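Good morning, colleagues. Please look at the sequence and the structure on the screen, and keep both in view while I speak.

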Amino acid sequence: MKILVICQYYYPEPFRVSDLCEELVRRGHTVHVVTGEPNYPEGKIYPGYERHQHAEEELRGVRVHRCPLIPRKTGAFFRLLNYFSYPLSAKRYLSGLPREEAESYDLVFVNQLSPVMMAKPAVYFHRRYGTPLALYCLDLWPVSLTAGGVGENSPLYRFFRLVSRKLYRAADRIMVTSRLFRSYLHEEFDIPLERISYLPQYAEVLFDNLEQKTENEGTKLLFAGNIGAAQSVETILRAAAILRSEPIEFQIAGGGTELENLKGLAEQLGLKNVVFFGRRPLEEMPGLYAQADAMLVTLRSDKALSLTLPGKVQSYMAAGKPVIGAIDGETQEVIRAARCGFCARAEDAQALADCIRRFVDSNEKVEMGRRAREYYEAHFEKALFMDRLEEEMKETIRSSSVIL
């Protein structure tokens, strides 16, 4: 297949879409990615990409075009400018493709994170050239807005509901990372269930078969990933305060809008049992994972967030690590189904501390890690994911029709 991939984010930004596209190339497909200038999560254009440098690249067999955009910076104003600048820039680029090239694509594929507007260029292309459109939904809109404090009755929410409805209904096929997404799209936008497939994320292969840590004094717990308001890493710090007198070290690896605020909170609370590693290259993460006794996952208490299964959970399980969470909904169900750790309610620091104590006292730590890996292999393994993705893409091409 010749596949046109639309996604606002791509390498060197920390998203799996880069690995996914490279794997499609390894499987014999031709992949052209239309993305934005890298600036996630700090909100500044990455060094070396300023002034539209590297607008055209080939990375490990993937053709990449980077469209100019307004970086996220900080605050809602720049966030909205960032959200709208990419689809405008990407549509302009696509409209300038020679017709012969544009008509040569078998499929346009959207790797849809936030914002949902990143799908607009794909819908434009789909309607102009009749190219089948598949959308992989990782962040669910508009309900994701509630996590940022936008009320469902607000004009902004209603506007994005109309935008989301139009974009989701335009896709020939939608794949979702959480079972609960499927119900939401069907009930909210009346999208037929037969057009929506469950396809949970996988972890990059560098997390497979990690050498497990040797016995050390104390317990090390690691949170890895983006550090924003939605991740509620504050819950971890408050649990650390409760457990400050116990031999437990809390490690935070990642960057994001809340990192400096959290460092300030840790100082305010006088926490000596918390270590901030900052944002680290993906290649360094397996080493951090290997020395941890268990991994931490948290999200805010929010209806929208409870529908999600954060991609870090797959990485944790691929590494064969127990998982301890303060998180609701889909993730809590996965931890319980896999019997790979303990989980408390979102934003409940005391309950998270209780779960950590249960883990420290447990004599099943090795078994929890083994069960995490087994569950990963049965449900989230990369080869399984790619086989299913290829089949979904082929089915989209076979059965595509424009839905107005």
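Where does Arg51 lie? Arg51 is located in the loop between β2 and β3. Before I go further, please note that this is a predicted model, in which local features need pLDDT of at least 70, side-chain atom pairs count only at pLDDT 80 or more, and totals for chains, interfaces and linings use all residues. Residues are numbered from 1 along each chain as its sequence is written, and side-chain values use heavy atoms, with hydrogens and water left out.

Arg51 has a phi near 55°, a positive value in a residue other than glycine. Its relative accessible area is 71%, so Arg51 is exposed. Here, buried means under 20% relative accessible area, exposed means over 50%, and partly exposed is in between, with a 1.4 Å probe and protein chains only. Arg60 also shows a positive phi, of about 50°, although it is not a glycine; Arg60 sits in the loop between β3 and β4.

Two cis peptide bonds deserve a place on your list. One joins Tyr11 and Pro12, with omega about 15°, and Pro12 belongs to the loop between β1 (2-6) and α1 (17-26). Another joins Tyr40 and Pro41, with omega about 5°. Pro41 is in the loop between β2 (30-36) and β3 (56-59).

I turn now to the chain as a whole. Its secondary structure comes to 15 helices and 14 strands. The radius of gyration is 21 Å, close to the 22 Å that the globule rule gives for 404 residues, so the chain is as compact as a globular protein of that length. That radius is taken over C-alpha atoms, and the rule is 2.2 Å times the number of residues to the power 0.38. Along its principal axes, the C-alpha trace spans about 65 × 45 × 40 Å.

Of the 404 residues, 59% are buried. Contact means heavy atoms within 4.5 Å. Among contacts between residues at least 6 apart in sequence, 75% join residues at least 24 apart.

Next, the helix α8, residues 259-268. Which of its residues are buried? They are Leu259, Leu262, Leu265 and Ala266. Seen down the axis of α8, these buried residues fall within an arc of 120°, so they line one face of the helix. The arc is that of the directions from the helix axis to the C-beta atoms. The face turned away from the buried side of α8 carries the exposed residues Glu260, Glu267 and Gln268. The cover over the buried residues of α8 includes α7 (233-242) and β11 (274-278). Just after α8, Gly270 takes a positive phi of about 65°.

As for α7, this helix is mostly covered, with seven of its 10 residues buried. Those buried in α7 are Val233, Thr235, Ile236, Leu237, Ala239, Ala240 and Ala241.

Lys312, Gln314 and Tyr316 are among them. The buried residues of α11 pack against β9 (219-224), α9 (285-290), β12 (294-298), β13 (323-326), α12 (330-338) and α14 (365-379). Just after α11, Gly320 adopts a positive phi of about 70°.

Finally, I take two further arginines. Arg63 is in strand β4, residues 62-67, and is partly exposed, with a relative accessible area of 31%. Leaving aside neighbours within four places in sequence, Arg63 is in contact with residues including Glu56, Glu57 and Glu101, as well as Tyr93 and Tyr105. Met386 is 323 residues from Arg63 along the chain, and their C-alpha atoms are separated by 20 Å.

Arg165 lies in helix α5, residues 155-170. Arg165 is partly exposed, at a relative accessible area of 36%. The C-alpha atoms of Arg165 and Ile191, which are 26 residues apart along the chain, are separated by 9.3 Å.

Thank you for your attention.

Methods. Helices (H or I, at least four residues) and strands (E, at least two) are DSSP runs, numbered from the N terminus.
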